[in-house]
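Thanks, everyone. I have one structure to walk through today. Please look at the sequence and the model as they come up.

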Amino acid sequence: MEGAGSNKGDISLGLIDEVLAVVTVDDVLSILPGKFDLKGDEWSGECPSGHDSKSGKSFNLNQNKKMFNCWNCGAAGNLIQLVELHNTGAVSSGYTDNFQ
């Protein structure tokens, strides 16, 4: 399989780049619970990790960079990691540094 690493579970950065090139912010937002507001190129709302937030706006997702950050729990990363956060409640650090 082109782009896959040599070990099972090892994903190449090329494959990650390919996925990020075709997945849109709208695709990811459509699977997340809650309401998100767009201001400029930033979406804001409740963090998909499920923690409580007094303001309801601790989570930000940049439309152009396809990167997210929660100022409350500290979760941050790209769209792949955002889906991971939604599905598992945690973000792996396996490839975080490559996208910041």
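A helix here is a DSSP run of H or I with at least four residues, and helices are numbered from the N terminus. With that in hand, go to the residue just after α3. G89 takes a positive phi there, about 85°. Keep in mind throughout that this is a predicted model.

Now the overall layout. The protein chain has 3 helices and 5 strands. Starting at the N terminus, the order reads α-α-β-β-β-β-β-α. The protein chain has 100 residues, and 33% of them are buried. Take the contacts with a separation of 6 or more: 29% of them join residues 24 or more positions apart.

Back to α3, which spans residues 79-88. Which of its residues are buried? L79, Q81, L82 and L85 are. They sit on the same side of α3, because they cover an arc of only 160° around the axis. On the other side, N87 and T88 are exposed.

What covers the buried residues of α3? The cover includes two helices, α1 (13-22) and α2 (25-29). It also includes the strands β3 (59-62), β4 (67-70) and β5 (76-78).

The N-terminal end of α3 has a cap, and the residue is N78. One of its side-chain oxygens lies 2.9 Å from the backbone nitrogen of I80.

One more residue in this helix: L85. Its relative accessible area is 2%, so L85 counts as buried. A75 is 10 residues away from L85 along the chain, and their C-alpha atoms are 8.2 Å apart.

Next, the core. The largest nonpolar core has 17 residues. The residues with the most contacts inside it are L29, F59, L61, F68, L79 and L82. The elements that each give two or more residues to this core are α1, α2, β3, β4 and α3.

F59 deserves a stop. Its contacts beyond four places in sequence include F36, W43, P48, F68, C70 and L82.

Now a loop residue. S58 is in the loop between β2 (42-45) and β3. Buried or exposed? S58 is buried, at 8% relative accessible area. Leaving out residues up to four places away in sequence, S58 touches G45, H51, S53, N69, C70, W71 and N72.

C70 takes us to the cysteines. A disulfide is a covalent bond between the sulfur atoms of two cysteines. How many disulfides does a search of the whole structure find? The search finds 0. C70 is in none, and the nearest cysteine sulfur, that of C73, is 3.7 Å away. The cut-off is 2.5 Å between the sulfur atoms.

These two cysteines also have their own accessibility values. C70 is buried, at 1% relative accessibility. C73 is partly exposed, at 41%.

To recap: α3 has L79, Q81, L82 and L85 buried, N78 caps its N-terminal end, and G89 follows with a positive phi. F59 and F68 are among the residues with the most contacts inside the largest nonpolar core. Questions, please.

Note on methods: Residues are numbered from 1 along each chain as its sequence is written. This is a predicted model: local features need pLDDT of at least 70, side-chain atom pairs count only at pLDDT 80 or more; totals for chains, interfaces and linings use all residues. Side-chain values use heavy atoms; hydrogens and water are left out. Buried means under 20% relative accessible area, exposed over 50%, partly exposed in between (1.4 Å probe, protein chains only). The arc is that of the directions from the helix axis to the C-beta atoms. Contact means heavy atoms within 4.5 Å. A polar contact is a pair of N or O atoms within 3.5 Å; within protein, one must be able to donate a hydrogen and the other to accept it, and residues adjacent in sequence count only if both atoms are side-chain atoms. A nonpolar core is a set of buried Ala, Val, Leu, Ile, Met, Phe, Trp, Tyr and Cys residues joined through side-chain atoms within 4.5 Å.
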